[in-house]
Amino acid sequence: MRRRPPSAGRQSLSGTRVWYTSAPFLKWPGGKRWLATRAAEISPVRFGRYYEPFVGSGAMFFALRPRAAVLSDVSEELINCYQQIQEDWSIIWDGLVDYALNHSGALYYNVRATEPRERGDRAIRFLYLNRASFNGIYRVNRSGKFNVPKGSKSVLIYPYDNFQEVSEAIAGVDFRCSDFEALIDEAREGDFVFCDPPYSVAHNRNGFIKYNDKLFSWSDQIRLRDALVRAHTRHVFALLSNADFPGIRELYRVKGFGCTPLSRRSVISAKAAARGTYGEVLISNYPLRVDGPE
Ligand SMILES: C[S@@+](CC[C@H](N)C(=O)[O-])C[C@H]1O[C@@H](n2cnc3c(N)ncnc32)[C@H](O)[C@@H]1O
C-alpha cells in the first residue's frame, strides 16, 4: 500500500473544522474537483449533518470531511463500492492492484462481460472499469449494462492513491442508494445539503446529460427545486451547483435563494463555448464567501 505524503491541511472556521484531503479515487462525469478547492468559501461556517444526494466521486465531501455525513446516489454500483471500501479497504485495493498489474484489452473485455454476485468482487470490477474505460468513466446503458470501450491508459494506479485514508474519511458515513428527494427531506435545521445534479444543457429543456440508465428530466429539476424550498422552510442550509442557464435561474427565482455565477476558465474551452455550453452557477439560501466569476 502506497502512502501519500502528509499534505492534507486543516483550517478552523469559527469552530467548524474543515479538512482538506486527498482527491477523489474515482473519475466521474461532472466531478467537482475544481469546485472543491473552494469548499470552505462556499459552505456554511457551521453546520450539523452534511447531506450529499448526488455524491458521484464525492469531491466536495472529500474536501470538507464533515464529522457527520449522509451520502447518496442512484448508482447502486457506486454506493456498493463506497460501502465495500468502508468494510475492508485492503481487499478492494488488493483486487484493484491485481487487475491493474494484469491489465490488457482481453482482461478489460472479460471483466466487462462478467456480473459478479459477491459485493466485494462487484466493487473491484467497478473500480477497474472506472479507471480502465475510455475517458475513465463508468456509464451504463438503458438496460443497466456497462458498455464503455477500453481506454488508452496503461497505468491504473495513481500516485495519490491511499485507500486506507479513503476508508478513514468515510468510516462514519451513512451511505444510501436512493433518489435525491427522500434524502433532502430528511435534513433538519442547521444541516447542510449540497446538491450537484446532472446538468441541463440545452435551451429547449430537452437536452439532458445522461449518466445512468435514466435521464434527469426537467420535472426532476422542478422536484429538486421543490425539495430545496421545503428544506429552506426547515432552516436547512442548501447549496446547489448547476449550469448557468436561464431556465435554471428562472426555476430558483424564489424567496430565500440567490445565484452566484462561477466561471471555470481553465476548464471551459473556446470549443465548448462554440458548442453553446454554459458556465456554472451556485444557488444557495445563505451568503457565499465568493465574489462571483473568478
Ligand atoms: C454531476 S454528478 C455528481 C458529481 C459529484 N459532485 C462529483 O464530485 O463527482 C450527478 C450524480 O447524480 C446521480 N443521479 C442522477 N439522477 C439521480 C437521482 N434522481 N437521485 C440521486 N442521484 C442521481 C448520478 O448517478 C451522478 O452520480
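Tutor: Of the contacts in the protein chain between residues at least 6 apart in sequence, 70% join residues at least 24 apart (contact: C-beta atoms, placed from the backbone, within 7 Å). This is a predicted model, so local features need pLDDT of at least 70 and side-chain atom pairs count only at pLDDT 80 or more, while totals for chains, interfaces and linings use all residues. Numbering runs from 1 along each chain as its sequence is written. The protein chain has 11 helices and 9 strands (DSSP runs, H or I of at least four residues and E of at least two, numbered from the N terminus). Of its 294 residues, 34% count as buried (20 or more other C-beta atoms, placed from the backbone, within 10 Å of a residue's own; exposed is 12 or fewer, partly exposed in between).

Let's zoom in on helix 9. Its 16 residues, 218–233, should span 22 Å at 1.5 Å a residue, and the end C-alpha atoms sit 23 Å apart, which agrees (expected span: 1.5 Å times one less than the number of residues). Buried along helix 9 are Gln221, Leu224, Ala227, Leu228 and Ala231. They share one side of helix 9, because they cover an arc of only 125° around the axis (taken over the directions from the helix axis to the C-beta atoms). What covers these buried residues includes helix 8 (180–186), strand 6 (192–195), strand 7 (237–243) and helix 10 (246–251). On the face turned away from the buried side, helix 9 carries the exposed residues Ser219, Ile222 and Thr233. After helix 9 comes His235, with a positive phi near 65°.

Key:
Two residues are in contact if their C-beta atoms, placed from the backbone, lie within 7 Å.
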